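Let's take a friendly walk through a protein structure together. Have the sequence and the picture ready.

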Amino acid sequence: MRVGVHTSIAGALENAVHHAKRLGCDTFQMFSANPRGWRALQPTAEECQRFRAARERYGHRPVAIHANYLINLASGERALRERSIAAFRRELQRALALGADYLIVHPGSAKDSTRSQAIQRCIGALKRAARGLPLDGLTILIENTAGQGSALGSLLEELAAIIAGASDELSTGACLDTAHCFAMGYAIHTDEGLEDIIYKLDALIGLERLHVIHANDSKAPLGSRVDRHQHIGRGQMGKEAFRRIVRHPKLQDVPFICETPIDRPGDDKRNLQMMRRLALD
Ligand SMILES: [Zn+2]
Ligand SMILES: [Zn+2]
């Protein structure tokens, strides 16, 4: 089992690697710039080199970058879509420069248009953003969402359509967020519900294309379509749910990354330890 957390780049990009090492992560996720701003400095060659060297030394694998939250590749508003494509292209460039394995992005929102039109726009935007970039070793992961508002990708069918639609030009796969599944109404916290979602993932996307699981408990109830992460085992999903998830034979090769809150210092380490304990005892 490979497990890690989302770590902070405060101070310097390479701090994410050192922080992940201190916590005892096998893998980690980070932002490569401010996730809530459009302006992002591209890292210098020296910063990238320091990041890569630290990561090499500690052996973290895989390294995932989560894209900016403002990006909406599915937007029907031309200006926002163009801005999103340019920002996502810079995300791709940073991920490549840092040697990341995965760039995780939410599919965007379908406001003022049909969902299938928005899905097509998202596919086209992904391809345009990546045009001409050599994406060696970098896979774009589309993350399922909690179903809030007109957000796309809460249904596995929508995720599958985007992943498949872009795959003729790009290396694409899925990132599954457990709290988003739960909020969307997938009963991933029960034995039967977990089997059902694994069956659907395999049938619609292929389990071999599920590259990251965001392991998060949920403050919001099943089917609420509200995205509120909670510490592992302390939310509405509960400990047993995560015991089943981390032990599932079909999920053994998938890395787990916690995006749980830090309410008190040490919460990230405690969530990591909880995941390891649930896998063993
Ligand atoms: Zn996300
Ligand atoms: Zn997530």
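Predicted model: local features only at pLDDT ≥ 70, side-chain atom pairs only at ≥ 80, totals over all residues.

The protein chain folds into nine helices and 10 strands. Its C-alpha trace spans about 50 × 45 × 30 Å along the principal axes. A compact globule of 281 residues would have a radius of gyration near 19 Å, and the 18 Å of the protein chain agrees with that.

How much of the chain is buried? Of the 281 residues, 54% count as buried. Among contacts with a separation of 6 or more, 76% join residues 24 or more positions apart. The protein chain exposes about 12200 Å², and carbon and sulfur atoms supply 49% of this area. As for charge, the mean positions of the 38 positive and 32 negative charges are 5 Å apart.

Now for the metal. Which residues hold the zinc ion (ligand 1)? Its protein donors are listed here.

| Donor residue | Donor atom | Distance from the zinc ion (ligand 1) |
|---|---|---|
| H66 | NE2 | 2.1 Å |
| H106 | NE2 | 2.1 Å |
| E143 | OE | 2.1 Å |

Along the sequence, these donors follow the spacing H-x39-H-x36-E. H66 lies in strand β3 and H106 in the loop between β4 and α4, so the pair ties together parts that are 40 residues apart in sequence.

Are these two histidines buried or exposed? H66 has 2% relative accessibility and counts as buried, whereas H106 is partly exposed at 22%.

Methods
Residues numbered from 1 in each chain as written. Chains lettered and ligands numbered in written order. Heavy atoms only, no water. Donors = N, O, S within 2.8 Å, 3.2 Å for Na, K, Ca; no water. Helix = DSSP H or I, 4+ residues; strand = E, 2+ residues; numbered from the N terminus. Buried < 20%, exposed > 50% of the residue type's maximum accessible area, 1.4 Å probe, protein only. Rg over C-alpha atoms; globule rule 2.2 N^0.38 Å. Contact = heavy atoms within 4.5 Å. Areas by Shrake-Rupley, 256 points an atom, 1.4 Å probe, with all protein chains shown as cover. Lys, Arg positive; Asp, Glu negative; His and termini not counted. Charge placed at Lys NZ, Arg CZ, Asp CG, Glu CD.
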